[in-house]
Amino acid sequence: MDNQKMVEINSGRCIGCGLCIKVCPFETLSLEKGKAEVTGELCISCGHCAAACSCGAINVPRIDSSALEFATFSLDHWWLPFGEYDTAGLVRLMTSRRSCRNYLDQPVARQVLEDLAKIGTTAPSGTNSQCWTFTILPTRKAVITLAEEVASFFRKLNRMAENVILRKALKLVGKGELDDYYEKYYALVKKSLDEWKESGKDRLFHGATAVIIVASKPGATCPSEDALLATQNILLAAHSMGLGTCLIGYAVAAMAQGTDMQCRLGMTSREKVYAVIAIGHPNEKYETVAGRKQATLRYFEG
Ligand SMILES: Cc1cc2nc3c(=O)[nH]c(=O)nc-3n(C[C@H](O)[C@H](O)[C@H](O)COP(=O)(O)O)c2cc1C
């Protein structure tokens with residue numbers, strides 16, 4: 001699609017205010033004889049121009065407004081001006097979101113899961129590439145299937161880690177990862193695997209009844225950042241919807257070892273997984289929010 005088609009300007013409506021030009025990140029537009037025109041080489045279809053236009057003179061065909069239509073709540077398309085949101089309310093949501101490790105045996109409605117994925121897409125993405133994918137496991141059965149796959153990966157890893165000669169030999173040639181794993185995780189993982197086998201206790205997904213896997217397709221300029229920003233949106237929105245969430249780093253680590261597991265879930269081998277989010281109706285509650293470690297904070301005054 002060339003730039004002329006990426007941004008369509010109705011010159012009859014344009015009043016030449018120049019706001020679209022001011023907010024465009026790539027100087028795609030300029031004012032020619034008092035009207036906005038597409039004159040630049042580059043357009044990332046961010047839609048800032050159309051969103052700033054008070055006359056409805058601009059259309060960005062690659063943007064699909066229906067992509068942000070939600071099934072479980074209604075939202076108008078009006079922009080919230082700077083400073084017009086309750087900061088304390090927002091921070092209360094952020095501090096009240098905790099990793100949930102106790103879930104009810106109750107499914108999460110598919111529409112809710114789809115809305116969460118859509119909410120993920122409101123995050124920023126490098127050069128607006130939006131190359132993320134959201135793979136929804138909507139049932140406990142599907143979550144258990146993934147849990148079995150992850151458990152199988154860790155069983156193999158633990159067997160390797162039990163081999164002291166292998167661990168030390170790898171360390172000698174500068175590959176100390178298996179030895180590190182043995183020191184930090186082996187015993188904990190072994191306990192979890194044994195419990196999973198013997199009593200079905202789910203220390204991996206904590207009994208969650210749904211999962212969203214956030215991944216990136218090729219073509220993203222900043223794939224990990226994009227996926228993780230989308231992920232945080234999902235975590236916060238889920239809390240606001242009454243759902244608990246927990247990031248499952250063990251599942252990400254298992255899926256990073258090859259693409260077979262993701263292909264069995266319907267993903268392509270070219271996607272890269274950055275977050276596996278356990279989701280469900282929470283079976284826990286808190287009285288207070290938790291403190292945080294003091295952050296390293298510094299100024300540089302130039
Ligand atoms: C990248 C990442 C991976 C995580 N993996 C796991 C995991 O595998 N299992 C788990 O129970 N919690 C996991 N967590 C949750 C953290 O333990 C949790 O975020 C941290 O203890 C802070 O608690 P909070 O999320 O309740 O604020 C993970 C968190 C992050 C950011």
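Colleague: How far is a polar side-chain atom of Arg98 from an oxygen atom of the ligand?
Modeller: 3.0 Å. Keep in mind that this is a predicted model.

Colleague: And the side chain of Arg101, what distance there?
Modeller: An N or O atom of that side chain sits 2.7 Å from a ligand oxygen.

Colleague: How much of the ligand does the protein bury?
Modeller: 59% of the 620 Å² that the ligand exposes when taken alone.

Colleague: Which elements give two or more residues to the shell?
Modeller: Strand 7 (244–247) and helix 10 (249–255).

Colleague: Which residues surround the ligand?
Modeller: Among them are Arg97, Ser99, His206, Cys246, Tyr250 and Arg292. By class, the shell holds four nonpolar, three polar and four charged residues.

Colleague: New topic. At what angle do helix 5 and helix 9 pack?
Modeller: About 135°, with the axes 7 Å apart. Helix 5 covers residues 110–120, and helix 9 covers residues 223–240. The two helices are therefore oblique to each other.

Colleague: Is that crossing left-handed or right-handed?
Modeller: Helix 5 crosses helix 9 in a right-handed way.

Colleague: Now helix 7. What does the Asn163 side chain do at the start?
Modeller: Its oxygen comes to within 3.2 Å of the backbone nitrogen of Ile165. Helix 7 spans residues 164–172.

Colleague: And which glycine follows helix 7?
Modeller: Gly174, with a positive phi near 85°.

Conventions:
Residues are numbered from 1 along each chain as its sequence is written. This is a predicted model: local features need pLDDT of at least 70, side-chain atom pairs count only at pLDDT 80 or more; totals for chains, interfaces and linings use all residues. Side-chain values use heavy atoms; hydrogens and water are left out. A residue is near a molecule or strand if one of its heavy atoms lies within 4 Å of it. A polar contact is a pair of N or O atoms within 3.5 Å; within protein, one must be able to donate a hydrogen and the other to accept it, and residues adjacent in sequence count only if both atoms are side-chain atoms. Accessible areas come from the Shrake-Rupley method with a 1.4 Å probe; for residues, only the protein chains shown count as cover. Helices (H or I, at least four residues) and strands (E, at least two) are DSSP runs, numbered from the N terminus. Ala, Val, Leu, Ile, Met, Phe, Trp, Tyr, Cys and Pro count as nonpolar, Asp, Glu, Lys and Arg as charged, and the others, Gly among them, as polar. Axes are lines fitted to C-alpha atoms, for helices over the stretch in contact, and angles run from 0 to 180 degrees between N-to-C directions. Angles under 35 degrees count as roughly parallel, over 145 as roughly antiparallel, 65 to 115 as roughly perpendicular and the rest as oblique. A crossing is left-handed if the near helix is turned anticlockwise from the far one by less than a right angle, and right-handed if clockwise.
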